Amino acid sequence: MLWVECRIVDALRGRRRMRATAVKLPCSFWFLLLFGAGGLVLFIHLQDLSEMVQQQAPGVKLRGTARQSREALCTQDSEGVRVSPGQDQRLAVEGLTSPIPPMQFPAFQWTRHSATPGSREQDMGSLRVTKRHRKLLKTSPVVSNNSHNSSSSSSGSPDSPEESWQWHRLSHIQEARRRLMKEVCAKYKSSISRTITPHHVSRIYVEDKYKLLYCEVPKAGCSNWKRILMVLSGLASSTHEIKHDAVHYGNHLKRLDSFDRQGITHRLETYTKVLFVREPLERLVSAFRDKFENPNTYYHPVFGKPIISKYRVNASKVALRTGSGVTFQEFMQYLLDVHRPVGMDIHWEPTSQLCSPCLLDYNFIGKFETMEEEANFLLRRTGAPHNLTFPSFKDRNPKAERTSTHLTHRYFAQLSTSERQRAYDFYYMDYLMFNYSKPFKDLY
């Protein structure tokens, strides 16, 4: 009997141990499950952070998501700001998809946005940046795309939010100008030969230190641009100390056609190609005033004498001998004559022919009308010294009135409607390619 009672007690104790084991098994299971879930969350978190860092690597486009560099976020704030009124801003301006080497935007890349109303609200609404993202962005190094001039990386970036906005605005203008030039070239110059000869680059000056190629367009700020190139190359410490004769007759600057074919090709592919243009008829009047209304030992005998001889009735012997006193009407007769008594000159040759923009694909297209702002923008972008700014002085005939739109209209008032039309037709490609409006209302 006692043995039976002992067996019953042992059985009861075994059941209790089994119940305890049954209770312990679920606890262990839930512990392992929670531990595995925590590890999975940590893995996803670390993978998310690694992807954010990778998206800031060079060559990767930034998409409009929260994983953007702080520079891209800054530029997004100004997407909806409209640029100042002007002829270039009539184009639908889109953002840059990829900077054009070597004219890159240090620490700046913009994704493409359509210029539609409300685009700023849509863009900014898509940016949801958490505190975790902001912390990463603040600690992430700025990635510079300027691989051509490492010494300029510190000076090739904007220093303030206001300057950043200016860079953004001017960069959009540049993109619009280049896009228009390509469209015009594709429509009107698609059949031209793609072979680049020394003649095509004969007006281009080379600055090797800052990797610049500048095409000289006379009467569009070329004298002061040559001064800038001389300072950049170390030939002078200031633009103000360089005289006019040293600029034009000193042969201090190298031309691109002075290099062999390999040297020309290398510089065209890797250097920044710069072109500054001016309203065509205003540039023409400026050239006429400079060369024919002032004493000149070259243009009077070389151009003035044959012009007076062919187009002036009852010309005096003095005029025929010296070539002085050419009138604007006589000059325009010469320019529009298909059988000119003397050839063309770079001072009034169309820019579309002088610098071959359809062949050379310029990285930067500036305008004389906004010369100072755009030239300084270019200098900052290329890493030029901060104390070097574009000069605004006029060293030849400084007391003479500057050629303006009003003065240009006064000169062309001397011509008939048909002559003004022919003058406009002569420079038609320049008007089209560089987005200048018709200078007179009666033109078609």
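Modeller: A disulfide here is a pair of cysteine sulfur atoms within 2.5 Å. The model is predicted. By that rule, the count is 2 disulfides.

Biologist: What makes C185 and C358 a disulfide?

Modeller: Their sulfur atoms are 2.0 Å apart. The cut-off is 2.5 Å, so the pair qualifies.

Biologist: How do you know the hand of the link between C185 and C358?

Modeller: The angle about its S-S bond is -85°, and the link is left-handed.

Biologist: Which parts does the pair of C185 and C358 tie together?

Modeller: C185 sits in helix α5, residues 161-188, and C358 in helix α14, residues 357-360. The tied parts are therefore 173 residues apart in sequence. Both C185 and C358 are buried.

Biologist: What makes C215 and C355 a disulfide?

Modeller: A sulfur separation of 1.9 Å. The limit is 2.5 Å, so C215 and C355 pass.

Biologist: Why is the disulfide of C215 and C355 called left-handed?

Modeller: Because the torsion about its S-S bond is about -90°.

Biologist: Where do C215 and C355 lie?

Modeller: C215 is in strand β2, residues 212-215. C355 is in the loop between α13 (351-354) and α14. The pair therefore ties together parts 140 residues apart in sequence.

Biologist: Why does C215 count as buried?

Modeller: Its relative accessibility is 1%.

Biologist: What joins β2 to β1 and to β4?

Modeller: Strand β1, residues 204-207, is joined to β2 by 4 bridges and runs antiparallel to it. Y205 stands opposite Y214. Strand β4, residues 272-277, also has 4 bridges to β2, but that pair runs parallel. L275 in β4 is the bridge partner of C215. Two bridges are enough to call strands paired, so β2 pairs with β4.

Biologist: What lies between β1 and β2?

Modeller: The two strands form a hairpin with 4 residues between them. K211 in the turn has a positive phi of about 55°.

Biologist: Which residues have the most contacts inside the largest nonpolar core?

Modeller: F331, M332, W348 and F412, in a core of 59 residues. Contacts of W348 beyond its sequence neighbours include F331, Y334 and F426. Apart from that core lies another, of 29 residues, including V274 and L379.

Technical notes. Residues are numbered from 1 along each chain as its sequence is written. This is a predicted model: local features need pLDDT of at least 70, side-chain atom pairs count only at pLDDT 80 or more; totals for chains, interfaces and linings use all residues. Side-chain values use heavy atoms; hydrogens and water are left out. A nonpolar core is a set of buried Ala, Val, Leu, Ile, Met, Phe, Trp, Tyr and Cys residues joined through side-chain atoms within 4.5 Å. Buried means under 20% relative accessible area, exposed over 50%, partly exposed in between (1.4 Å probe, protein chains only). Contact means heavy atoms within 4.5 Å. Lists of a residue's contacts leave out its neighbours within four places in sequence.
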